[in-house]
Amino acid sequence: MSTATYVLAASSSDVLNVIAAFTGGLFIAGALVWAVQFGMRVQDRELPRPRPEEQAHLPETGAIREMREVREPDEIPIHADKRERLMPYQLHHAATRRGKDQHRRRWLPGSSGSFGSGGIGHT
């Protein structure tokens with residue numbers, strides 16, 4: 001082959017496209033290798049996982065069950081002098097309180113179950 005053939009092949013856009021794709025692939029592969037190594041270094045600097053004896057355990061009394069209770073809104077107190085504004089320290093911590101009646105309200109047959117259910121409405 002002569003030098004003219006090599007010059008013609010090198011100047012061809014197909015060869016340049018192949019070289020660009022190969023270079024791009026090498027760049028992406030190198031970036032992925034760097035990302036994996038960086039992740040491994042970060043993981044090595046983290047605290048070790050807790051040993052089995054350091055894990056949380058159930059209390060000796062067993063699992064704690066949830067408590068169900070009926071809550072009702074805790075109304076904001078009204079000052080006798082309505083011009084004075086309430087301060088945050090005058091309010092309670094929770095917006096609800098434990099209800100006096102702890103029986104759950106149940107669905108009544110014949111009452112509406114949801115909007116558009118075709119029932120006669122809430123009784």
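**Salt bridges and overall layout**

Mentor: Start with E69, which counts as partly exposed at 30% relative accessibility. Keep in mind that this is a predicted model.

Trainee: Which residue forms a salt bridge with E69?

Mentor: R71 does, and the closest N and O atoms of the pair are 2.8 Å apart.

Trainee: And R71, what's its relative accessibility?

Mentor: R71 comes to 40%, so it counts as partly exposed.

Trainee: OK, next one. What does R97 pair with?

Mentor: R97 forms a salt bridge with E72, with 3.1 Å between the closest N and O atoms. This pair links distant parts of the chain, since R97 sits in strand β2 (residues 96-98) and E72 in strand β1 (residues 71-73), 25 residues apart.

Trainee: Why does E72 at 25% not count as buried?

Mentor: Buried means under 20% relative accessible area, so E72 at 25% falls in the partly exposed class.

Trainee: Which residue does E53 bridge to?

Mentor: E53 forms a salt bridge with R51, the closest N and O atoms being 2.7 Å apart. E53 counts as exposed at 54% relative accessibility, whereas R51 is partly exposed with a relative accessible area of 48%.

Trainee: What else is linked with R51 and E53?

Mentor: E54 is, and R51, E53 and E54 are linked in a network of salt bridges.

Trainee: Changing topic. What's the secondary structure?

Mentor: The chain has two helices and two strands. From the N terminus on, the order is α-α-β-β.

Trainee: How much of the chain is buried?

Mentor: Buried residues make up 2% of the 123 residues.

Trainee: Last thing, contacts. What share comes from residues 24 or more positions apart?

Mentor: Such residues account for 41% of the contacts in the chain with a separation of 6 or more.

Technical notes
Residues numbered from 1 in each chain as written. Predicted model: local features only at pLDDT ≥ 70, side-chain atom pairs only at ≥ 80, totals over all residues. Heavy atoms only, no water. Helix = DSSP H or I, 4+ residues; strand = E, 2+ residues; numbered from the N terminus. Buried < 20%, exposed > 50% of the residue type's maximum accessible area, 1.4 Å probe, protein only. Contact = heavy atoms within 4.5 Å. Salt bridge = Lys/Arg side-chain N within 4 Å of Asp/Glu carboxyl O.
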